[in-house]
Amino acid sequence: MAFDEIRSAVAKLQCDIANGPVVPIVTPQEIRRYLTSRYDFTKPVALDDVVADVEQMLRTWQVQVTHPRYFGLFNPSVTLAAIVADTLVAMYNPQLATWRTSPAANEIERHTLGWLTGKFGLPADAFANFTNGGAESNLSAVIVALTRAFPDYGEGGLRQLAASPTIYVTDEAHHGFQKIAHMTGIGRRALRRVATDGYLKMDLGDLARRVAEDRRNGYAPFMVVGTAGTTAAGVIDPLPDLAHFCRSEDLWFHVDAAWGGAAIVSPRLRGHLAGIDAADSITCDAHKWFSVPMGAGMFFCRHPDAVGDAFRAETSFMPGKTGLVLDPYTTSVQWSRRFIGLKLFLALAEHGESGYIEMIEHQAQMGDVLRKSLQRAGWRVVNTTPLPLVCFTRDGLDTTKFLAALYERQIAWMSEVRLGDSDPVVRACITSFRTTESDIDWVVGKLSPIA
Ligand SMILES: Cc1ncc(COP(=O)(O)O)c(C=O)c1O
């Protein structure tokens with residue numbers, strides 16, 4: 001297949017986006033009126049016309065997350081290889097539920113995940129699969145950990161258990177764990193909020209106290225979640241200490257590295273993830289810092305048997321088993337499976353590890369530039385992280401008004417966040433490998449006049 005047309009279309013789009021607005025100004029009514037007036041689906045419309053119209057809507061009515069001045073919530077700029085991959089997947093529509101239906105696709109995923117398994121320092125026989133995203137990976141981790149800790153959970157459900165299971169997180173952990181606690185039936189109250197230290201990292205002393213207290217009170221602690229790159233502030237929990245504690249207390253150690261996990265490929269950054277190799281399970285999203293389109297999460301687990309136990313399923317209608325190879329529908333939350341992993345495979349193959357190191361370290365460096373530039377301009381940076389995420393404020397700042405002015409003037413997309421008990425602060429994360437020093441200089445220069 002010749003990619004020249006896709007390549008030039010993508011290059012033109014990137015250029016148009018970079019020179020256009022970052023934030024849409026539109027109401028739901030406006031879009032609904034537009035759709036209702038054009039699409040009642042009673043008559044066919046030429047595909048060229050619909051595509052042109054949809055592109056126009058996406059250009060106009062969307063936060064442009066691939067804009068170099070989108071400093072947002074981990075939605076990356078995407079590589080050409082990853083775009084081509086998603087196009088190929090849609091064309092062939094492989095079904096990855098069983099190995100037999102899609103041998104090539106299943107093996108490409110396995111090969112790609114094997115590479116990252118090794119980078120994380122997990123054993124070669126660790127389990128890994130692609131998921132829709134970090135939320136599904138975290139859900140998988142909780143289900144597998146419950147299955148391993150409580151052999152009666154799978155067949156008899158929670159009511160068979162002698163004690164209520166509890167999970168230990170901090171307030172900085174991803175809030176998807178609340179839904180996971182709800183969905184798995186352990187209940188939202190089973191999430192224990194461990195205190196954080198002055199850097200918003202999990203406090204080991206408080207963790208130990210809470211686990212001991214819960215055991216005394218008849219609960220059944222089973223899992224600790226350490227985050228490697230919290231959503232709000234990019235904080236990395238003390239992974240080696242958590243690993244040690246979990247080992248000594250016989251608790252499942254899950255590392256949610258949805259965003260920060262990609263730092264493992266960078267010689268400059270990987271030291272900050274020390275301890276991740278001791279995890280029982282890891283969440284890492286390719287659709288964050290690996291710069292591929294959504295949705296592409298990854299779930300890694302040291303205990304393949306527990307994964308098989310958690311997601312086992314028997315049917316007569318699926319193609320038969322293939323010897324030693326496991327069918328993904330029996331090892332994951334999903335049944336029908338899209339070929340999620342091709343975008344990471346193709347991008348990795350095209351750019352190589354060195355290309356990824358460059359992309360990731362460039363963004364980390366842009367984070368440092370942003371941090372220093374804000375400080376020079378008189379802003380107070382309130383978070384500490386090696387990752388490119390800067391939370392900042394200044395005395396008397398009304399963040400809501402500030403962000404409204406930022407959007408209205410199309411300066412950049414940033415967001416508001418509360419760290420601990422603090423007043424809201426502004427959160428700016430470098431998520432594009434295309435963000436340059438001059439983008440940052442330009443943005444920081446425009447901030448003070450609107451503050
Ligand atoms: C630390 C962390 N974990 C999990 C998630 C959820 O991931 P996803 O949105 O891919 O489901 C996020 C999302 O930003 C995250 O930052």
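How far is the sulfur of Cys284 from the closest cysteine sulfur, and in which residue does that sulfur lie? Please go on from there to the surroundings and to the open spaces in the model.

Analyst: This is a predicted model, in which local features need a pLDDT of at least 70 and side-chain atom pairs count only at pLDDT 80 or more, while totals for chains, interfaces and linings use all residues. Residues are numbered from 1 along each chain as its sequence is written, and side-chain values rest on heavy atoms, with hydrogens and water left out.

The closest cysteine sulfur to that of Cys284 belongs to Cys429 and lies 14 Å away, which is too far for a bond. A disulfide is defined as a pair of cysteine sulfur atoms within 2.5 Å, and a search of the whole structure finds zero of them. Cys301 is likewise in no disulfide, since the nearest cysteine sulfur, that of Cys246, is 14 Å away.

We can now turn to strand β11, which covers residues 425–429. Helices (H or I, at least four residues) and strands (E, at least two) are DSSP runs, numbered from the N terminus. Because five of the five residues of β11 are buried, this strand is largely enclosed by the rest of the structure. Two strands count as paired if DSSP finds at least two bridges between them, and β9 (residues 389–393) runs antiparallel to β11 with four bridges joining them. Strand β10 (residues 415–417) also pairs with β11 in the antiparallel sense, over three bridges. Arg427 in β11 has Cys391 standing opposite it, and Ser415 also stands opposite Arg427.

The open spaces come next. On a 1 Å grid over the protein atoms alone, a cavity is a set of points where a 1.4 Å probe fits but cannot get out, a pocket is an open set with protein on both sides within 12 Å along at least five of seven lines, and lining residues have an atom within 4 Å of a point. Grid points are joined across faces, edges and corners, and a volume is the space filled by probe spheres set on the points.

The structure holds one cavity of 30 Å³ or more, and the largest cavity has a volume of about 60 Å³. Its lining includes His174, His175 and Arg193, and β2 (165–170), α8 (176–184) and β3 (191–194) each supply at least two lining residues.

The largest pocket has about 860 Å³ of space. It is lined by 26 residues, of which Leu13, Ile17, Glu55, Leu58 and Ile83 lie nearest its centre. Two or more lining residues come from each of α1 (4–18), α3 (47–60) and α4 (80–92), and α1 gives the largest share, seven residues.

The second largest pocket has a volume of about 610 Å³. Of its 23 lining residues, Arg110, Ala126, Phe127, Ala128 and Leu326 are the closest to its centre. The elements that give two or more residues to this lining are α5 (103–120) and β1 (127–131), and α5 gives the most, with seven residues.

Note on methods. Buried means under 20% relative accessible area, exposed over 50%, partly exposed in between (1.4 Å probe, protein chains only).
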